Amino acid sequence: MSSGVQQRKKSDISSQIEHGVSPEKKGPEPKNSLAGRPRRRRRAPGQPLAREWVLGFGLMMVGVLLAGYFLMSRHEKVQMEHLREDIIHDKVEPMSREWEEKLAALEEERDSLKKEVTESAQFKEGKTQLEEQIHQVEDIREKQEHDIQHLIDYKRQMQRNIELLSKTELLEKFGPGPHYVEINLGFDPEFPKGNESDGNTGRIVIELAPVEEMPHTVYWFLEQVNRTLYDGCSFHRNAGHVIQGGPAPNFLSPPEAKLNRRFVDAGFHSVLFQEYSPNFPHKKYTLGFAGRPGGPDFYISTMDNSLLHGPGGQTNYEDSSEADPCFAKVIDGFDTVDRMLLSPVKPGNYRAMVTNVAITSMKIVSYERKKEEKGETLTKDEAEEEKVKNEVIESSKEEKLSKSEKEELVEEVEKKSKYLKHEIVDSSSERKEKEVVDEDSESKLKNKLAEDVKQKQEATERKLENDSLDLDGVLKIRAKRREKRRIGQPMKLLVFGLALANGFVVPTMQHANQLKTSNSLFVATGDVATEEEVDCVVIGSGLAGLSCAALLSHCGKKTVVLESHDTPGGCTHSWTRRGFHFESGPSLYSGFSMDRSPNPLKNIFQIIEEDCEWITYDRWGTVLPNGEKFAPPIGPEGLAKTLKQHGGPGAEEEFASLMERMAPLSDAAQALSSLALREDAGAVVTLLKYPFELFRTLQQGQALNEPFSVIMDEMKLKNKFVINWLDMLCFLLQGLPASGTMNAVMAYMLADWYRPGVTLDFPKGGSGEIANALVRGVNKFGGEVRLNSHVDEIIVDQNRAVGVKLASGKVIRAKHAVVSNADPFITNKMLSSARLAGHLSNEAIEYMNKLINTDAEDGGVPNLKSFIHIHAGIDASGLPTVASEDFPTQWAVVRDWDLPEGVEAPRNIVLCSMPSLIDPSLAPEGKHVLHAYVPATEPYEWWEGLDRDSDDYKKKKEEAADFLWSAIEEYVPDARNRAVPGTVQVGTPLTHERFLRRTRGAYGPRVEAGKSTLPGHKTPLEGLFLCGDFTFPGIGVPATAASGAVTANTLVSVPQHLGMLSKIRLPEK
Ligand SMILES: Cc1cc2nc3c(=O)[nH]c(=O)nc-3n(C[C@H](O)[C@H](O)[C@H](O)COP(=O)(O)OP(=O)(O)OC[C@H]3O[C@@H](n4cnc5c(N)ncnc54)[C@H](O)[C@@H]3O)c2cc1C
């Protein structure tokens, strides 16, 4: 009911109540209501009877009807019942069955719907989960995309940095360019000839891409060339569209040439990234690096390969959008390139040449491009000259020299030219060295260089003239034979032409470039003067500096070693020339081939888990002043034999009693490893790791520091041979006679050399391998050794060394320490700015002043003398290939025992070494490599102030060489006649000073036992530490390694130090 209706009814009732009317007490009834029907009238008495009868009859009928009705309805009921039953039977049951079925179906449907609902709920849930996962994946993808972008940006930044660094290096080392490289080739006689005149040699000159276009690739290639890595490699593939060259052997290669290894070892195998400039595409006759990242193989395109090798050209690489670096173009020798295309190839897709073309050498040369090539017109004179040259060359062809003769001649000329060129290259690197050391003003330097170059140019021209005249002579003889007259002149010009092409005549352009290059060594250009921060900076890569850096890196200190030279190792560096491997300094080692060793350097190798491969050998020769020679095995038996044969009566007994006297000292000297030392209170802990050894050393402490001569006196040694022998051993160890050598040094040495089963050890590959092993140690723990990085200044802030400034202007800050491995005089110079600026404390100034005081009378420590050296490769035909008593690997020559200065007298003792007898890989097959020097007896004063280009200097050098050859000839009588041209190098104190950065070329400090002591490694200038042979424990390979270790130990924590000590394996006591 609507609320409106209810409302109405309610209001009706209420209105009635309101008017005081009860619902029962109604007013007059409406007409149509029951109450309003007319009432039946009552029968009056005396009315007729018929009316009652009708009434009775009616009633009876009603009864009948009622009974009938009831009877009828009962029957009907029965019938209905039947009907119902029938209906139930016929309709309801089937219907109910049908309904039941329907119901079941519905239930089933309901169940399946229920299931579907559940499933859809699950699906929904799964969907939600999936959506979540999709979101997560999208997030991850987004993050990855971001990361990838970051990496791409980072990669680009790295590439830019690499380009910047490469450019800096390139400008410093090779000047601004244009840069030219000459590729000299050797063709197998069977190799097809392009035309009649093709001989067995070929030459291609290439011009490198401008520095701005391809700084990294150009730098990389120039370094590879400069390091002679391609010399001996080959052009080995003729792919049709390119001729490919690289480290593959050729018909000239020695059997086991490890050409690829050279690139790997030098760290210049493949470029660091695929640099490409659209301005330098892969046109015909351009050069590109092969592979990804490219190198060391390179190729010369023999067609336009811009599409094939340009961006996107090589789809088989990970990032096909990159391109091969294209970095140079051929400017001369196109015929030679074309000739290589004639090479037959082996079956297969690679198209390897049947006979590889030898790259005999690759050199950076200066090249004056012909004016026509530059699009300039020749002057009349130049045109005339060119005409004459061409005529002469033509006429030389007409002379119809027999081909082999001509080739022979050309080869001869090339050989001479190369030899001369070597000299020029050497002298230019000498100049470079000088530039770094020299602190003259820039203009003074320029003038000096200009003068140098001029003199060198004149000298070279003179030399070329002479050489060509020599050749003229040869040619004239040949010409006479054939009665041909005009042969001398053409060949003379040909010689000159070849020389020019080889870059021997220093043209003006080269001169200019040299000046620019040299300037860039000193001037910090904007882009090189960057800053960086590390934990420790080590100045110098001598064995001390490298040992220190390797240990610091091992202990997690980010360490950078900065080395002036282009090779690590300082006195122990090595270099290669013409296939000979030369070493600048040490060659005598022991205590490396055994696992348990007291040698500190061996122990350092154990800590950093790097080492050399050690070849053992056992003899060492001596030539006495009376001409007697002996080379017995080292060790007690060999010594006994020597003493018996050369010492005369009593020698053996005296030596035996000395060894007995020295035994406790030897025991003490070898007891405690110097690696346990550190220069702070932590030493108490690290030394106490070896309590018994410490006790033994302390027990002999005083005696170990006394001069060895004290013991010799105490023993009352009389045998002259024994006394001289001991004096010589002292001198070879420390550069001092017995009177100045500490007992500790001799005690250690006697125990080491004269123990049963002792061997001498030599590092396979030469002494440079020792430095290389340490460099590996620095690198593997995240440190770095940077070559060509001359340090100018140690930066000091409030009496604390906080970094260094390089000659390039770059600043490297050191959070923890600056360690100087340079000698004290150089270290002092590096502090001069700080001194001037008043940043050094008085204590630091006094300390440095004391270090550089060489006046013994004023309490200073003088320097030992310097050296003269000869290095040479010799022809070994007929010489033994293995060492023996008659032909030792190393020998000492003593000229006089009785000079007033004794063993220290100038040029009295010479040491010679022929390491190719131990390791044949150090010289080409059939050759030996030699080194002879006077150890620390050459007065610097004899050479001081000499101009290296002066006749005086040259004369002195010749005398020195003559003297050194004579010592070599004690065992190789005709050695100087066997010398391989271009390999003889004579070093003087000036060379030593320049190349090894040793002030006045000194061997080290002349610290006399009992009179003075060596400084330690800590300095009063906070943050500045020292290491090297001018510090404790002094000169020699083991000693300098120990000095580097003590410095490193002091800079690391005691637990780190103990951790290192736990890795070393000392001899069992
Ligand atoms: C000819 C010779 C033969 C020897 N024979 C033996 C031997 O047979 N056995 C033996 O045990 N010992 C021998 N020695 C001794 C031994 O080689 C040395 O004592 C030892 O190698 C010196 O090492 P060092 O680290 O102290 O210094 P160095 O080797 O002199 O190293 C110092 C380094 O510092 C660099 N440097 C200097 N100034 C700067 C600067 N401003 N910026 C960057 N870098 C700079 C130098 O270029 C150099 O590389 C010999 C030495 C010589 C010279």
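Predicted model: local features only at pLDDT ≥ 70, side-chain atom pairs only at ≥ 80, totals over all residues.
"Buried" here means under 20% relative accessible area, and partly exposed means between that and 50%. I start with that cut-off because R907 falls on one side of it: R907 is buried, with a relative accessible area of 16%. I will come back to this residue.

First, the chain as a whole. The protein chain has 1069 residues, and 48% of them count as buried. Its secondary structure comes to 30 helices and 26 strands. If you take the contacts between residues at least 6 apart in sequence, 74% of them join residues at least 24 apart. The chain exposes about 53,200 Å², and carbon and sulfur atoms supply 54% of that area.

Now the ligand. There are 40 residues around the ligand, and those that come nearest are E563, C571, R998, D1029 and V1037. Let me take the polar pairs one at a time. For E563, a polar side-chain atom lies 2.6 Å from an oxygen atom of the ligand. For C571, the polar atom belongs to the backbone, and it is 2.7 Å from a ligand oxygen. How much of the ligand does the protein bury? Taken alone, the ligand exposes 1,000 Å², and 95% of that is buried by the protein.

What kinds of residue make up this shell? The shell divides into 18 nonpolar, 18 polar and 4 charged residues. At least three residues come from each of domain 3, which covers 529-613, 765-862 and 1007-1064, and domain 5, which covers 864-1001. Four helices supply at least two residues each: α12 at 543-554, α23 at 824-830, α28 at 989-996 and α29 at 1037-1051. The helix that gives the most is α29, with 3 residues.

Stay with α28 for a moment. Of its 8 residues, 7 are buried, so this helix is largely enclosed by the rest of the structure. The buried ones are P989, L990, T991, H992, E993, R994 and L996. Just after α28 comes R997, which takes a positive phi of about 55 degrees.

That brings me to backbone geometry. Most residues other than glycine have a negative phi, and most peptide bonds are trans. Here are some departures from that.

R1000 is not a glycine, yet has a positive phi of about 55 degrees. You will find R1000 in the loop between α28 and β26, the strand at 1024-1026. Is R1000 buried or partly exposed? R1000 is partly exposed, with a relative accessible area of 30%.

Back to R907, as promised. R907 also has a positive phi of about 55 degrees without being a glycine. This residue lies in the loop between β22 at 890-894 and β23 at 909-913. With its 16% relative accessible area, R907 is buried.

Last, the cis peptide bonds. One runs from G177 to P178, with omega near 5 degrees. P178 has its place in the loop between α2, at 50-174, and β1, at 180-186. Another cis bond runs from G295 to P296, with omega near -5 degrees. Where does P296 lie? P296 is in the loop between β5 at 286-289 and β6 at 298-301.

How values were computed
Residues numbered from 1 in each chain as written. Heavy atoms only, no water. Near = heavy atom within 4 Å. Polar contact = N/O pair within 3.5 Å; in protein donor to acceptor, adjacent residues only side chain to side chain. Areas by Shrake-Rupley, 256 points an atom, 1.4 Å probe, with all protein chains shown as cover. Nonpolar A, V, L, I, M, F, W, Y, C, P; charged D, E, K, R; others polar. Domains from an automatic or database assignment. Buried < 20%, exposed > 50% of the residue type's maximum accessible area, 1.4 Å probe, protein only. Contact = heavy atoms within 4.5 Å.
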